Amino acid sequence: EGKELLGHLTAIRGYSAAMQGEMPRAIGLSRRALELLTEEDISLRSLIYYLLGGISIMGEDLRGAREALERAAQLAQAAGNIHVAVPALCTLGWLQAERGQLRGAFETYQGAMRVATARGGRALPVSAMAQDGMGALYYEWNDLQAAHQHLLEGIELAHAVRRGHIT
């Protein structure tokens, strides 16, 4: 129990270091937190990997970012945490698009939208980022009607978030 509590505290300290711009310290603390946490603490582990993915992007370690984001998405989905899974997938999709891997980005954004779909097929507000990414890809492919449709859906979903419907 003491080791797990220390893992949680170390994760918080890692996040705090990242928010203060102390990236090397944030990386060290985050990695230490992963060592301390049990494998069963998948929700927090997914959040730490998501943080490491973002830090890796800022440090231009794109391979490290991809690995961390894939792990974050995998763990978050296993934990049922769409609020980490979807942003991790969307960030991964953005990274793929930036590297010219447009088909891979398309598949990743589609995966994010599947994760962020409620029973009955209704898109949840958390999927706004995926809609935006899809819109950008369709724009790149000069399919302006599809781009427009996805971007409008993303805007509507983002408004739902602002109105407090955050799921």
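Predicted model: local features only at pLDDT ≥ 70, side-chain atom pairs only at ≥ 80, totals over all residues.
Residues are numbered from 1 along each chain as its sequence is written, and side-chain values use heavy atoms, with hydrogens and water left out.

Ser56 belongs to helix 3 (residues 42–58), where helices are DSSP runs of H or I with at least four residues, numbered from the N terminus. Leaving aside neighbours within four places in sequence, Ser56 is in contact (heavy atoms within 4.5 Å) with Asp61, Gly64 and Ala65. The buried residues of helix 3 also include Leu44, Arg45, Tyr49 and Ile57, and what covers the buried residues of this helix includes helix 1, helix 2 (23–36), helix 4 (62–79) and helix 5 (82–98). The 17 residues of helix 3 should span 24 Å at 1.5 Å a residue, and the end C-alpha atoms are 24 Å apart, which agrees; the expected span is 1.5 Å times one less than the number of residues. Just after helix 3, Glu60 takes a positive phi of about 60 degrees.

Thr91, in helix 5, is buried because its relative accessible area is 15%, and, not counting residues up to four places away in sequence, Thr91 touches Tyr50, Ile57 and Leu69. Met19, by contrast, is found in helix 1 (residues 2–19) and counts as exposed at 54% relative accessibility. From Met19 to Ala97 the C-alpha to C-alpha separation is 26 Å in space, and the two are 78 residues apart in sequence.

A further packing involves helix 7 (residues 128–140) and helix 8 (residues 144–162), which pack at an angle of about 160 degrees with their axes 8 Å apart. That makes helix 7 roughly antiparallel to helix 8, a term for angles over 145 degrees. Among the residues making the contact are Gln131, Met134 and Tyr138 of helix 7, together with His150, Leu151 and Leu157 of helix 8. By class, this contact of helix 7 with helix 8 has 10 nonpolar, 4 polar and 2 charged residues, where Ala, Val, Leu, Ile, Met, Phe, Trp, Tyr, Cys and Pro count as nonpolar, Asp, Glu, Lys and Arg as charged, and the others, Gly among them, as polar.

Methods. Helix = DSSP H or I, 4+ residues; strand = E, 2+ residues; numbered from the N terminus. Buried < 20%, exposed > 50% of the residue type's maximum accessible area, 1.4 Å probe, protein only. Axes fitted to C-alpha atoms, helices over the stretch in contact; angles between N-to-C directions. Parallel < 35°, antiparallel > 145°, perpendicular 65-115°, else oblique.
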